Amino acid sequence: MTTYSTAPAPDSDLGLLEDALRRTMESTTGAALDAALVDLGWHDMLTEMPDDTIPMVFRLLGETGAHAPVINDVVLVDAGREAGGVVPLPYTGGRWIEWARENRDTTALDAELPIATVGSGDPVPVAAARRALGWWLVGTSRAMLALARTHALDRTQFGKPIAGFQAVRHRLAETYVAVEGAEATLHAANDELGSLLAKAAAGRAAIIAARHCQQVLGGIGFTAEHDLHRHIRRALVLDGLLGSSRELTREAGAIIRSEGSAPRLVHL
């Protein structure tokens, strides 16, 4: 499993935790990772320091390409229930899914994820979970950008790296701006509408990253041996969970129209 690192964490308790989480996600995934996170104190983190650890855990899931059913825990704790269970979650198109805690076969677009559709579910709080998924999408987007950047620096045409070509540079730059914007929106989100917009921005950034990075990588990005297709599938599935970027954008517009004004989301 190939991993991609953002700027190194400071030498602190959180930095040490991030290092431990990254090493764990580099070596395991799925149900085994779920158990390993519990051993690392994931359930305690959710209640004692969620503002620090939820972004960290979900961003690292995206960067490393690992997966675990921990979105269930975010929803359950936000609802005042105990972590460790499974809860039906709304999905784009009016559907509901369950993310199993054990490894199982699936017909999902991302064949690694043990998710399945269910008939319906009860309403659940989604603000914290949308922010968590936003961080996962940002991490996945950064992984795709790192793959495309490395390829652009290594691949040569007409005697020089393709990173020097304006068309390639523009695609990478547009991806970078979209991801940075999504991350800034996630940092600012602290209510229902802010969380909705942050998830929408992260989903849009992931789609932009998938499109542009596929173009930069060319034919090699389509091969099963390359990691890009795994991140694209992951991004498409996560974008639809708790509302796709398109659905959430329309929902935000409906909220603003009904209230007759747009609230201040960030105080500068």
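Arg-234 is buried in this predicted model, with a relative accessible area of 3%. Buried here means under 20% relative accessible area, so a value of 3% falls on the buried side of the cut-off. The residue belongs to helix H9. Setting aside residues up to four places away in sequence, Arg-234 touches Gly-65, Ala-66, His-67, Asp-110, Glu-112, Leu-113, Trp-136 and Thr-140.

One residue on that list leads to the next element. Gly-65, which Arg-234 touches, comes just after helix H4 and takes a positive phi of about 80 degrees. Helix H4 itself runs over residues 50–64 and has 15 residues. From its first C-alpha to its last it reaches 21 Å, close to the 21 Å expected at 1.5 Å a residue.

How many of the residues of H4 are buried? The count is 12 of 15, and the helix is mostly covered. The buried residues run from Thr-53 and Ile-54 through Pro-55, Met-56, Val-57, Phe-58, Arg-59, Leu-60, Leu-61, Gly-62 and Glu-63 to Thr-64. What covers them includes six helices: H1 (13–27), H2 (30–39), H3 (42–48), H5 (71–78), H6 (127–154) and H9 (228–240).

Is Leu-33 buried or exposed? At 0% relative accessibility, Leu-33 counts as buried. Leaving aside neighbours within four places in sequence, Leu-33 is in contact with Thr-24, Met-25, Thr-28, Leu-61, Ala-66, His-67 and Ala-68. Of these, Leu-61 is one of the buried residues of H4, while Ala-66 and His-67 are also touched by Arg-234. Leu-33 and Ala-68 are 35 residues apart in sequence, yet their C-alpha atoms are 6.2 Å apart in space.

The C-alpha atoms of Val-124 and Leu-89 are separated by 7.7 Å, although the two residues are 35 apart along the chain. Beyond residues up to four places away in sequence, Val-124 touches Val-75, Val-87, Pro-88 and Pro-90.

Val-86 is partly exposed, with a relative accessible area of 34%. Partly exposed covers the range between the buried cut-off of 20% and the exposed cut-off of 50%, so 34% belongs there. Val-86 and Asp-73 are 13 residues apart in sequence and 7.9 Å apart in space, C-alpha to C-alpha. Not counting residues up to four places away in sequence, Val-86 touches Asn-72, Leu-76, Glu-98, Trp-99 and Arg-101.

One more loop residue deserves a look. Leu-242 lies between H9 and helix H10 (245–259). Leu-242 has a positive phi of about 65 degrees although it is not a glycine. With a relative accessibility of 2%, Leu-242 counts as buried.

Now step back to the whole chain. The secondary structure comes to 10 helices and five strands. The radius of gyration is 18 Å, close to the 18 Å that the globule rule gives for 268 residues, so the chain is as compact as a globular protein of that length. Along its principal axes the C-alpha trace spans about 60 × 50 × 40 Å.

Of the 268 residues, 49% count as buried. Among contacts between residues at least 6 apart in sequence, 70% join residues at least 24 apart. The pair Leu-33 and Ala-68, in contact and 35 residues apart in sequence, is an example of this.

The chain has 25 positive and 33 negative charges, and the mean positions of the two sets are 11 Å apart.

Terms used. Residues numbered from 1 in each chain as written. Predicted model: local features only at pLDDT ≥ 70, side-chain atom pairs only at ≥ 80, totals over all residues. Heavy atoms only, no water. Helix = DSSP H or I, 4+ residues; strand = E, 2+ residues; numbered from the N terminus. Rg over C-alpha atoms; globule rule 2.2 N^0.38 Å. Buried < 20%, exposed > 50% of the residue type's maximum accessible area, 1.4 Å probe, protein only. Contact = heavy atoms within 4.5 Å. Lys, Arg positive; Asp, Glu negative; His and termini not counted. Charge placed at Lys NZ, Arg CZ, Asp CG, Glu CD. Expected span 1.5 Å × (residues − 1).
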